[in-house]
Amino acid sequence: MSSVFDLFTVGIGPSSSHTVGPMKAAFRFVSRLVDQGVIERVTTVHVDLYGSLGATGHGHGTVPAVVLGLAGEQPHLVDPDLCGPLVAGVRSSGRLALAGKHDIAFDVDADVVLHRHERLERHSNGMVLTALDDDGVQLERRTSFSVGGGVVLDDDEAVAPDAADHRFTTAAELLEVARGRSIAEVMLAGERLPEHEVRARLLHVWSVMRACVDRGTSAEGVLPGGLRVRRRAAALRRRLESEGDPTDPLHAMEWVTLCALAVNEENAAGGRVVTAPTNGAAGIVPAVLHYAARFLPGFDDDAVVRFLLTAGAIGVLLKRNASISGAEVGCQGEVGSACSMAAAGLAAVLGGTPEQVENAAEIGIEHHLGLTCDPIGGLVQIPCIERNAVAAITAITAARMAVRGDGEHHVSLDAAIATMRATGADMREEYKETARGGLALALSVVEC
């Protein structure tokens, strides 16, 4: 079972599966070379990217992420402002300091190969890393899978290292375990860290989310990647602060939209974000949390912890019983999951019972079933940025609907999650983060 910290991790944009995960895999690979004492013998490293990683590796920043990981950088520690210059230096010099300590010849275009139409069996986000010595002898070879939200599993691993000990595997079991206590308390009980450390780490997650919104609402210009998508959050913030009418019934919704746009523009620019539960859906949970902080009375650190633990419990169910990977089930697994998690978290902060929280989560995912992942140009920009804003509003609506009811509803969260998994299995591969279907295809046809 996933830990809450598998669902909320600090990294960089533009993609948790395609940027954060591959960087982690590459870092783990070179760390293994160091631990085995063979890194000084390495003269060549090859990386093969398969499935969705191969199909959208350039647009999603996978190739630079692999270079950074091989250089010894980690997603939660690397300075986003230094990533571009570091990768550019490797590309121009043809040299890479493996793990930051052993210099080898490295041709970015030749040594990182994108297999655009080949897929490894276990998961569509697969990669193979190989290290050779001067005689061509293989020193290490690892197959790794970026399974969603930045989590990486090697071919001999079944669970993530930070897996927790939660006593539920379905929403029905979660409600049973939550009798007499909150879903947040149930989630906390399954974490393998002391309560004070869980709390401190969750508040750090919230601080990174806030910093991301601040950066996103101050940066201007055009996003990288060739589509020339204009950043809108900074201008929108100025308008809301100078012209916004607090008496407008939709005033709060405009601030929610602003926060979601800010996070996802920052993500698209390769900035520091929190996967929640993925980078492509990173704006939804922060936007709803900002709504609670700005517009709900009595919001405090306890509310932040309750929100994130509750959202994490729903994320555990979505990840375990379906998927949070757009490459596996489409965007219903990313934006749909984030909407469901945010709705649950807000319902808890609004005082909802476990049954109302489950209802909010079900509403959040039910109305994203079948949502495709079709990024134009392979970039996490269109339709991803606006989609986060719309889903954040949906999450708030779902939470408020649920807490006005009694928790009873016709479709259970378990049924909705099972439907998402089945729908993802039925979905054509073109609609699973390949940039070869839907809006991505429609725009390419129009431009031709």
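Which residues of strand β9 point one way, and which the other way? I looked this up in what is a predicted model. Arg-272 and Val-274 point to one side of β9, which covers residues 272–275. Val-273 and Thr-275 point to the other side, and all of these residues are buried. The pattern is a known one: in a regular strand, side chains alternate between the two faces of the sheet.

Next I looked for the partner of β9. Strand β1, residues 9–12, pairs with β9 in the antiparallel sense, over four bridges. Within this pairing I found Gly-11 opposite Val-273.

**Whole chain**

I then stepped back to the overall build. I noted 19 helices and nine strands in the protein. Its radius of gyration is 21 Å, close to the 22 Å that the globule rule gives for 448 residues, so the protein is as compact as a globular protein of that length. The C-alpha trace spans about 70 × 50 × 40 Å along its principal axes. Of the 448 residues, 58% are buried. Among contacts with a separation of 6 or more, 77% join residues 24 or more positions apart. The accessible surface comes to about 17500 Å², and carbon and sulfur atoms account for 51% of that surface.

**Annotated spans**

I found 62% helix and 2% strand over residues 181–440, with the end C-alpha atoms 46 Å apart.

**Strand β7 and its neighbours**

How many of the 11 residues of strand β7 are buried? I counted nine, so to speak, from the listing: β7, residues 138–148, is mostly covered. On one side of the sequence, strand β6, residues 125–132, pairs with β7 in the antiparallel sense over seven bridges. Ala-131 stands opposite Glu-140 in this pairing. The β6 and β7 hairpin has five residues between the strands, and Gly-136 there takes a positive phi near 80 degrees.

Strand β8, residues 151–154, also pairs with β7, in the antiparallel sense and over four bridges. Here Gly-148 stands opposite Val-151. The hairpin of β7 and β8 has two residues between the strands, and Gly-149 takes a positive phi near 70 degrees.

**Cysteines**

How many disulfides does a search of the whole structure find? It finds zero. For Cys-373, the nearest cysteine sulfur is that of Cys-331, 5.4 Å away, and Cys-373 is in no disulfide. Cys-384 is in no disulfide either; the nearest cysteine sulfur to it is that of Cys-373, at 6.2 Å. Is Cys-373 buried or exposed? Cys-373 is buried, with a relative accessible area of 9%. Cys-384 also counts as buried, at 13% relative accessibility.

**Leu-261**

I picked Leu-261 in helix α11, which covers residues 251–268. Leu-261 has a relative accessible area of 8%, so I class it as buried, the cut-off being under 20%. Leaving out residues up to four places away in sequence, Leu-261 touches Arg-232, Ala-233, Leu-236, Ile-385, Glu-386 and Ala-389. I also compared Leu-261 with Val-380: they are 119 residues apart in sequence, and their C-alpha atoms are 12 Å apart in space.

**Backbone details**

The peptide bond from Ala-276 to Pro-277 is cis, with omega near 0 degrees. Pro-277 sits in the loop between β9 and α12. The bond from Ile-382 to Pro-383 is cis as well, with omega near 10 degrees. Pro-383 belongs to the loop between α16 and α17.

Ala-99 is not a glycine, yet its phi is positive, near 60 degrees. I located Ala-99 in the loop between β3 and β4. Ala-435 likewise has a positive phi, of about 65 degrees. Ala-435 lies in the loop between α18 and α19, and counts as partly exposed at 23% relative accessibility.

How values were computed
Residues are numbered from 1 along each chain as its sequence is written. Side-chain values use heavy atoms; hydrogens and water are left out. Buried means under 20% relative accessible area, exposed over 50%, partly exposed in between (1.4 Å probe, protein chains only). Two strands pair if DSSP finds at least two bridges between them. The radius of gyration is taken over C-alpha atoms; the globule rule is 2.2 Å times the number of residues to the power 0.38. Contact means heavy atoms within 4.5 Å. Accessible areas come from the Shrake-Rupley method with a 1.4 Å probe; for residues, only the protein chains shown count as cover. A disulfide is a pair of cysteine sulfur atoms within 2.5 Å.
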